[in-house]
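Please look at the fold below before reading on. The text then walks through it from the overall layout to one helix.

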Amino acid sequence: MQFSSPLKSNSKKIMLLGSGELGKEVAIEAQRLGLEVIALDKYADAPAHLVANRAHVVDMQNEEAVLEIIRQEKPDFILPEVEAISISSLFAAEKEGFNIIPNADAVNKQ
């Protein structure tokens with residue numbers, strides 16, 4: 001797969017569900033590859049928020065709130081980073097055709 005540049009009409013987007021220090025490192029590397037990065041977390045100015053192209057503050061346990069942002073942003077890849085996330089939102093996003101890495105079933109078993 002070839003990536004373009006962030007913030008273009010043909011950009012590939014990765015959404016980080018959890019924006020801690022690990023998410024910040026992932027965001028930096030994803031941007032180096034040419035991916036557009038969207039970071040979500042439960043608090044403002046999380047580490048990955050500071051380097052992402054866009055950031056959202058959301059209750060990570062609220063299935064509908066998480067899904068609303070996923071539907072709005074339409075990421076190509078969704079990378080769950082935290083344990084405190086609505087697993088049901090991952091299953092719902094997968095059913096809608098979104099690509100969860102690792103898949104929702106694998107995240108559920110951790």
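The paragraphs below take the overall fold, then the sheet, then the helices on it.

This is a predicted model, in which local features need pLDDT of at least 70 and side-chain atom pairs count only at pLDDT 80 or more, while totals for chains, interfaces and linings use all residues. Residues are numbered from 1 along each chain as its sequence is written, and side-chain values use heavy atoms, with hydrogens and water left out.

The protein contains four helices and four strands; helices (H or I, at least four residues) and strands (E, at least two) are DSSP runs, numbered from the N terminus. Along the sequence they come in the pattern β-α-β-β-α-β-α-α. The radius of gyration, taken over C-alpha atoms, is 13 Å, which agrees with the value near 13 Å for a compact globule of 110 residues; the globule rule is 2.2 Å times the number of residues to the power 0.38. The C-alpha trace spans about 30 × 30 × 25 Å along its principal axes. Of the 110 residues, 44% are buried, meaning under 20% relative accessible area with a 1.4 Å probe, protein chains only.

The four strands form an open sheet in the order β3-β2-β1-β4, with parallel pairing. At its edges are β3 and β4, each of which pairs on one side only. Two strands count as paired if DSSP finds at least two bridges between them. Neighbouring strands are turned by 20° against each other on average, direction ignored. The pair β1 and β4 is parallel over four bridges, and Phe77 in β4 is the bridge partner of Ile14.

Helix α1 (residues 21-32) lies across β1, β2 and β4 and runs at about 175° to β1. Such angles run from 0 to 180 degrees between N-to-C directions, with axes fitted to C-alpha atoms, for helices over the stretch in contact. Contact here means heavy atoms within 4.5 Å.

Which residues of helix α2 (residues 63-73) are buried? They are Ala65, Val66, Leu67, Ile69, Ile70 and Glu73. The cover over these buried residues includes β1 (13-17), β2 (36-41), β3 (54-57), β4 (77-80) and α3 (87-95).

After α2 comes Lys74, with a positive phi near 50°.

Notes: Buried means under 20% relative accessible area, exposed over 50%, partly exposed in between (1.4 Å probe, protein chains only).
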